[in-house]
Amino acid sequence: MTELAEIGLIGLGVMGSNLALNIAEKGSRIAVFNRTPSRTAEFVAEAGALAGNIVGCDTIEAFVAAIRPPRPIIIMIKAGEAVDQQIDALKPLLSGGDIVIDAGNANFRDTIARFDRLKDTGLTFIGMGVSGGEEGARHGPSIMVGGTEQSYQRVEKVLTSISARYEGDPCCAWLGTDGAGHFVKTIHNGIEYADMQMIAEIYGILRDGLGKSAGEIGTIFGGWNKGRLNSYLIEITEKVLAAGDASTGRPIVDVILDRAGQKGTGKWSVIEAQQMGVPATAIEAAVAARSLSSIKAEREAAQAIFGAPDHVFPLEDGAALLKDLELALFAAKIGAYAQGFAVMAEASREFGWSLPMPTIARIWRAGCIIRSQFLDEITKAFTETPDVANLIVTPAFSAMVRESLPALRRIVAAAVTAGIPVPALASALTYFDAYRQARGTANLIQAQRDFFGAHGFDRTDGLDIHHGPWSAGA
Ligand code: 6PG
């Protein structure tokens, strides 16, 4: 009898194939199944030396039988209905303790529902966020797990063996029950959107405000990647800006349409933040900017009506300005991460997860798309002050904000003057300004609400009077 596989995987698309090869390479035997058996055969044939650890199965029955019980089965297919269909197909073949693992970018609310549906069947469900794109899946992703702790124990060894490592520490952790892993992955993506949008806004200033070429801007990002902005996204920005287009000889970025796609996770972050009443303005701005980017025809028509702004940037080009741009991006980045972590803190309370903030920051340090040295600093800040209300008021980050905020203010002000849109940078700036304003302007809103709807207000002096003179008909 052939040796049973340690784990199974369904769905040999790009991510599934890479994850399966990663598992096989790290020494675990894996059974694989794909809807079209020819793909399974092709996958095994192309696996080379790793094929010895791969059991290609043509039927779902053979696939299930090839895995050691309790069977962990990773489903890596398109999020949505297909996942439910796959679970339904598997259910009659599985037995008590088997674990269905959805490793796609599922909406965590679907994950909670799936977890609940399987609860009384003896089977269990893990919602697993996997970040790092194709390369990460193949050589070391960041893995965010949600499900029962017991089910995690069954897969911990395999998952930690394939995950990325930061200074030897695996970027994989159990974060809480049911939808916790997919929720954290969603917020990871929300932060990813903000990070990318802020980088694009700085690129816009350099391109439109300072007239720099893609190559020149790439070199600037390359320099920043050696400093405090050091991160995967800055690194690939340098590479992207340096790349040429074979058919025109121009920089490839100059021939790519300025219309960004989005598959949903960014939007879900914002929806959930709004739902819980947590301000995540930089993430919201990033999602809205993608939507605005996609209405290209409308933008072209509007430019024909209003003309393009003159883009005269009021600050002089030079080393000081570049330093300001670097610091501005850093300050705004702090704002976006602070918002993302605040959303997770609230969700943790709302969904009863006890999300471990230092652990989340720790497993994002390598493998995932937002990986950076900066996340190590966040890990330290949350480890030192785990119950802090907001990242920006931790001692380490408040010092960084104090240092970088003036640059963000100068850059946003200059961009606004030049007519260069910087919605995410500006949102981060406004977030800081509003967050540290002990007396804001909502007193007026309360008065208006009370005026038109007798909604009531509390007074600064604590007097037990909750309506204004207007409600008495004055
Ligand atoms: C990751 C990425 C990955 C994917 C995003 C892209 O962490 O590996 O976030 O999950 O690239 O889903 O999302 P959009 O298509 O919405 O930009």
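The lining of the second largest pocket comprises 13 nonpolar, 16 polar and 7 charged residues, where Ala, Val, Leu, Ile, Met, Phe, Trp, Tyr, Cys and Pro count as nonpolar, Asp, Glu, Lys and Arg as charged, and the others, Gly among them, as polar. The model is a predicted one, in which local features need pLDDT of at least 70 and side-chain atom pairs count only at pLDDT 80 or more, whereas totals for chains, interfaces and linings use all residues. Residues are numbered from 1 along each chain as its sequence is written, and side-chain values use heavy atoms, with hydrogens and water left out.

Pockets and cavities were located on a 1 Å grid over the protein atoms alone, a pocket being an open set of points with protein on both sides within 12 Å along at least five of seven lines, and a cavity a set of points where a 1.4 Å probe fits but cannot get out; lining residues have an atom within 4 Å of a point. Grid points are joined across faces, edges and corners, and a volume is the space filled by probe spheres set on the points. The second largest pocket has a volume of about 980 Å³ and is lined by 36 residues, of which Met15, Asn105, Lys185, Asn189 and Lys263 lie nearest its centre. At least two lining residues come from each of helix H1 (14-25), strand S6 (124-131), H8 and helix H12 (265-276), with H8 providing the largest share, 6 residues; helices (H or I, at least four residues) and strands (E, at least two) are DSSP runs, numbered from the N terminus.

The protein is divided into domain 1 (7-178), domain 2 (186-435) and domain 3 (442-472), with bounds that come from an automatic or database domain assignment. Domain 1 and domain 2 each contribute at least three residues to the lining of the second largest pocket, while the centres of domain 1 and domain 3, taken over C-alpha atoms, are separated by 55 Å.

The largest pocket has a volume of about 1900 Å³, and among its 46 lining residues Ala200, Tyr203, Arg207, Asp258 and Ser293 lie nearest the centre. Its lining, with 26 nonpolar, 10 polar and 10 charged residues, receives at least two residues from each of helix H8 (180-209), helix H10 (232-242), helix H11 (252-255), helix H13 (281-294) and helix H14 (296-306), and H8 gives the most, with 10 residues. The structure also holds 1 cavity of 30 Å³ or more, lined by Asp195, Ile199, Leu229, Ser231, Ile234, Leu329 and Lys333; H8 and helix H15 (319-351) are the elements that give two or more residues to this lining.

An open sheet of 8 strands shows mixed pairing in the order S3-S2-S1-S4-S5-S6-S7-S10, two strands being paired if DSSP finds at least two bridges between them. Strand S3 (54-57) and strand S10 (172-176) stand at the edges with a single partner strand each, so one side of each is left without a neighbour in the sheet. The twist averages 25 degrees from one strand to the next, where axes are lines fitted to C-alpha atoms, for helices over the stretch in contact, and angles run from 0 to 180 degrees between N-to-C directions. Strand S7 (residues 142-146) runs parallel to S10 and is joined to S10 by 4 bridges, and Met144 has Ala173 as its bridge partner in S10. Helix H2 (residues 37-46) lies across strand S2 (30-33) and S3, at about 160 degrees to S3, contact meaning heavy atoms within 4.5 Å.
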